[in-house]
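Please look at the structure shown below and follow how its charged side chains pair with one another. The report after it goes through these pairs with care.

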Amino acid sequence: MLGFVDPKGLTLGARGGWSDSKVVCTLYMPHVVERQLAASGQEVEFAGRTSTFRVRGVLVSTSSLASLSAQAKFNVRDDEGRNASPGAADFRRSRIVFPRTDTSHIDDVLQLLCRDSTLDHLLAVSATLFDNSAYFTPSGEVEHDLALRHQESPLSESEFVAAVICYYLRPDSKGHHGAWASKNRRRQLMDYTSDGKWRFGGEKVSDIRDHGTPCEDSWKHKHKAGKVRGGTGEG
């Protein structure tokens with residue numbers, strides 16, 4: 001594993017917020033690099049053992065938590081879709097930690113370098129979606145929503161990454177990520193039902209309101225082929 005730790009003043013040093021190049025390079029680009037290495041079959045041999053190459057990074061903010069939390073560019077969405085100021089736990093999930101006088105933040109840094117989170121998985125999926133040579137079959141609500149987002153909005157990679165962080169970084173009270181995204185998809189299905197856009201037949205709005213997999217169902221109705229080509233999103 002290659003780990004890198006970068007001390008940065010992010011109040012002014014990351015003017016773009018979640019879409020800033022420093023943030024994107026730390027959170028997202030390691031997954032792009034891993035895909036490229038995997039595609040070329042490169043492995044690492046150490047002490048006679050062959051391992052898969054892995055790279056992860058952490059930003060150690062020299063700006064205070066209070067300073068960053070007050071910046072609208074780092075806002076996240078709560079489970080009702082409202083803008084919210086991120087707390088220390090949110091920043092930690094985004095691989096940003098704050099130094100402490102007792103140096104206990106070093107444990108956080110080491111854990112982030114060694115252990116992936118839900119956000120890491122989402123960013124790895126995002127890297128696949130932007131890989132024109134890859135074929136991607138979404139699995140579960142989160143992956144279906146990301147695939148739909150990739151097709152619906154012509155965003156750059158950095159803009160897409162920023163949107164993923166904003167909408168998925170903060171879990172709901174049950175620890176689920178992307179609660180607001182699912183609510184949005186459920187509302188879309190309700191609109192489609194009332195407008196007859198999907199020809200749902202006998203399904204009622206109440207059926208959709210209680211639907212457990214709105215993202216997956218939206219995907220199935222939009223893409224009958226099942227597979228999506230990364231980058232273009234074409235089946």
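## Salt bridges in the model

Glu 216 is partly exposed, at 21% relative accessibility, where buried means under 20% relative accessible area, exposed over 50%, and partly exposed in between (1.4 Å probe, protein chains only). This is a predicted model, in which local features need pLDDT of at least 70 and side-chain atom pairs count only at pLDDT 80 or more, while totals for chains, interfaces and linings use all residues. Residues are numbered from 1 along each chain as its sequence is written, and side-chain values use heavy atoms, with hydrogens and water left out.

Side chains of opposite charge can pair when their charged atoms come close. The structure holds 15 salt bridges, each being a side-chain nitrogen of Lys or Arg within 4 Å of a carboxyl oxygen of Asp or Glu. Three of them are listed here.

| Salt bridge | Closest N and O atoms |
|---|---|
| Arg 56 and Glu 34 | 2.7 Å |
| Glu 216 and Lys 220 | 3.3 Å |

Glu 216 and Lys 220 both lie in helix H12 (residues 214-222), four residues apart, which is about one turn of the helix; helices (H or I, at least four residues) and strands (E, at least two) are DSSP runs, numbered from the N terminus. Lys 220 is partly exposed, with a relative accessible area of 45%.

Arg 56 is buried, with a relative accessible area of 3%, and belongs to a network of salt bridges that also links Glu 34, Arg 95, Asp 116 and Asp 120. As for the other pair, Glu 80 is partly exposed at 40% relative accessibility, and Lys 183 is partly exposed at 28%.
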